[in-house]
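Here is a short tour for anyone meeting this structure for the first time. Have the sequence and the 3D view open as you read.

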Amino acid sequence: MSNIKILNTEILSNNWYTLKKVTYEILQKGEVLVQNREAYDRGNGATILLYNKEKQSVILTRQFRMPTFINGNASGYLIEACAGLLDTDNAEDCIRRETEEETGFKITHVEKIFEAYMSPGSVTEILYFFVAEYTKEMKVTEGGGLEEESENIEVLELSFTEALGMIKTGEIMDAKTIMLLQYAALNNLLG
């Protein structure tokens, strides 16, 4: 039995994604309280770390992210793990499609490692995390994203050691990427 009852949901914005104001009752310490919160619904997503044991390398991307630019990232560019929104796909189909579109690699086997809410105080999104090995034979296009989505993605192949070091230097500041790199280190993925 839930101690929460939604009283009203108001759409504040439905431009790029949906921003809702939710009024609800919550039972806390025997008292019914009425509260309001805003929730941004951009859909769920998937992300992946491509790694190569033989080369001791990972594939990451670099692209412009406006929200980081307006919050202090001087260039607006972030180094990130490949990721995308599920749209109508399941998480595995989504990440296979996004991997090929963004990085140019057609991967054969993916492993789901966990899922997480990335910003649960304001965003509804669940992100599904994957890892997959890649080889040079899997490279089928240059990647870079879809032109019709105005993506301008640079594909980076970095040594795993260098990528981990970039967390310490602040060159990698993206949470999903940090989580995937730390998962790889903790689980000795690259051997």
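Phe64 counts as partly exposed, at 36% relative accessibility; here buried means under 20% relative accessible area, exposed over 50%, and partly exposed in between, with a 1.4 Å probe and protein chains only. Tyr77 is also partly exposed, at 40% relative accessibility. This is a predicted model, in which local features need pLDDT of at least 70 and side-chain atom pairs count only at pLDDT 80 or more, while totals for chains, interfaces and linings use all residues. Residues are numbered from 1 along each chain as its sequence is written, and side-chain values use heavy atoms, with hydrogens and water left out.

**Aromatic rings**

- The structure holds 7 aromatic pairs; rings of Phe, Tyr and Trp (its six-membered ring) pair if their centres lie within 6.5 Å, and planes under 30 degrees apart count as stacked, over 60 as edge-to-face and the rest as tilted.
- One of these pairs is edge-to-face: Phe64 and Tyr77 sit 5.7 Å apart centre to centre, with 65 degrees between the planes.
- This pair links distant parts of the chain, 13 residues apart, with Phe64 in strand β5 (residues 57-64) and Tyr77 in strand β6 (residues 77-80); helices (H or I, at least four residues) and strands (E, at least two) are DSSP runs, numbered from the N terminus.
- Trp16, Tyr17 and Tyr40 are joined into a cluster by ring pairs.
- Arg42 lies over the face of Tyr17, at 5.7 Å from the ring centre; for this, NZ of Lys or CZ of Arg must be within 6 Å of the ring centre and within 35 degrees of the ring normal.

**Nonpolar cores**

- The largest nonpolar core has 24 residues, of which Leu49, Val58, Leu60, Val131 and Ile172 touch the most other members; such a core is a set of buried Ala, Val, Leu, Ile, Met, Phe, Trp, Tyr and Cys residues joined through side-chain atoms within 4.5 Å.
- At least two residues of this core come from each of β4 (45-52), β5, β8 (111-117), β9 (126-133), β10 (154-159), α3 (160-169) and α4 (175-186).
- The most is given by α4, with 5 residues.
- Apart from this core lies another, of 18 residues, including Ala91, Ile95, Val110 and Met138.
- Leaving aside neighbours within four places in sequence, Val131 is in contact with residues including Ile48, Leu49, Leu180 and Leu189; contact means heavy atoms within 4.5 Å.

**Strands and sheets**

- An open sheet of 3 strands runs in the order β1-β2-β3, with antiparallel pairing; two strands pair if DSSP finds at least two bridges between them.
- Its edge strands, β1 (4-13) and β3, each pair on one side only.
- The antiparallel pairing of β2 and β3 spans 11 bridges, and Ile26 stands opposite Leu33 in β3.
- Elsewhere, β4 and β7 pair in the antiparallel sense over 4 bridges, with Cys82 in β7 as the bridge partner of Ile48.
- Strand β7 (residues 82-85) is covered on both faces: Cys82 and Gly84 on one side, and Ala83 and Leu85 on the other, are all buried.

**Positive phi angles**

- Lys29 is not a glycine, yet has a positive phi of about 55 degrees.
- This Lys29 lies in the loop between β2 (18-28) and β3 (31-41) and is exposed, with a relative accessible area of 89%.
- Asn188, also not a glycine, has a positive phi of about 50 degrees.
- Asn188 is found in the segment after α4 and is exposed, with a relative accessible area of 51%.
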